[in-house]
Amino acid sequence: MSVRTLATWLLNSKHTTIFTGAGMSTESNIPDFRSKDGWWRNIDPRTVATTTALQNNFDLFHEFYTMRVQGLKQCSPHPGYWILVDWEKRGLVQAITTQNVDGFHIAAGNQEVYELHGSIRSFRCASCSWEVTEEQFLNKESCKHCGGNLRPNIVLFGEGLPEDSWNASILHIRRSDLVIVIGTSLEVYPASELPNMTNGKTVYINFEVDQHNRNFDLIIKGKAGEVLSQANELVKKLNG
Ligand code: NAD
């Protein structure tokens, strides 16, 4: 069982959903949250990406997201993203559901993308939800309507998921005869439940694998971009 199995399953599948996490973007130099490299000033980002930090420690919250918004400007989707675009164009992939907030699947050109945790590329007032610009957020302005603090349109720990993206993701996962999970620790609930909702085959591509992942039909230990590239070569070869 290997990347060749993945390529064969992909070619034989009628409905495939890709489910990605922060590990999909580390090869684009965006740190994940789990590994030590992802820590910021020795603070676990998971303690800042919270409603508690937004409400009680806005200075820290704003500084952290300013760093993330600015950091994103230096990064772009790596070739693994382009492979997913190509697979969608060729009818091999029907949907991408992601926990990432970097907007890279959409930036790369995928069409059927569901961002379960929102996007760091748009902003609103934390109190009245008025839409604001990135510049207003970075300048740490207050909302012109109600004076509230400004925030990115992401889902913080402690907030619910956008219903439309969540429901569409469930529909795709249930219809899928193949679900490919890439670069996620599967520690963030409820997104972590998605791979359990399919009757199709499940593949887990991740840098680290442990006993949590034993339920997958196929586990491929490796870097997202490298595994996708190997799989793509085999897909091309097997497809003639
Ligand atoms: P996580 O940090 O908990 O886990 C990432 C997983 O990816 C780890 O198991 C790690 O071993 C693996 N990984 C790292 N680099 C990899 C690579 N090159 N190839 C394959 N695997 C790799 O991330 P998560 O499970 O997505 O959950 C964290 C939460 O943080 C999510 O809600 C997400 O919204 C948010 N987040 C998003 C971004 C982003 O948008 N790029 C970045 C950091 C965190």
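Six strands make up an open sheet, arranged in the order E3-E2-E1-E7-E8-E9 with parallel pairing. A second open sheet has three strands in the order E5-E4-E6, and its pairing is antiparallel. This is a predicted model, in which local features need pLDDT of at least 70, side-chain atom pairs count only at pLDDT 80 or more, and totals for chains, interfaces and linings use all residues. Residues are numbered from 1 along each chain as its sequence is written, and side-chain values use heavy atoms, with hydrogens and water left out.

**Reading the terms**

- Helices (H or I, at least four residues) and strands (E, at least two) are DSSP runs, numbered from the N terminus.
- Two strands pair if DSSP finds at least two bridges between them.
- Strands of a sheet pair through backbone hydrogen bonds, either parallel or antiparallel.

- At its edges are strand E3 (113-115) and strand E9 (218-221), each of which pairs on one side only.
- Neighbouring strands here are turned by 15 degrees against each other on average, direction ignored; axes are lines fitted to C-alpha atoms, for helices over the stretch in contact, and angles run from 0 to 180 degrees between N-to-C directions.
- Strand E1 (residues 16-20) runs parallel to strand E7 (residues 178-182), and five bridges link the two. Within this pair, isoleucine 18 stands opposite isoleucine 180 in E7.
- Helix H7 (residues 163-175) packs on this sheet and touches E1, strand E2 (95-98), E3 and E7. The direction of H7 makes about 130 degrees with that of E3. Contact means heavy atoms within 4.5 Å.

**Strand E8 and its two partners**

- E7 and E8 run parallel and are joined by five bridges, with valine 179 having threonine 202 in E8 as its bridge partner.
- On to E9: E8 pairs with E9 in the parallel sense over four bridges, and asparagine 206 has lysine 221 in E9 as its bridge partner.
- Strand E8 (residues 201-206) has five of its six residues buried, so it is largely enclosed by the rest of the structure. Buried means under 20% relative accessible area, exposed over 50%, and partly exposed in between (1.4 Å probe, protein chains only).

- Strand E4 (residues 118-125) and E5 run antiparallel and are joined by two bridges. Arginine 124 has glutamate 131 in E5 as its bridge partner.
- H3 lies across E4 and E6, and runs at about 135 degrees to E4.
- Threonine 66 is part of helix H3 (residues 58-73). Threonine 66 is buried, with a relative accessible area of 18%. Leaving aside neighbours within four places in sequence, threonine 66 is in contact with Phe137 and Leu138.

**Where helices H1 and H8 meet**

- The axes of helix H1 (residues 3-12) and helix H8 (residues 224-238) come within 9 Å and cross at roughly 55 degrees. That makes H1 oblique to H8: angles under 35 degrees count as roughly parallel, over 145 as roughly antiparallel, 65 to 115 as roughly perpendicular and the rest as oblique.
- Residues of H1 in this contact include Val3, Leu6 and Leu10, and those of H8 include Val227, Leu234 and Leu238.
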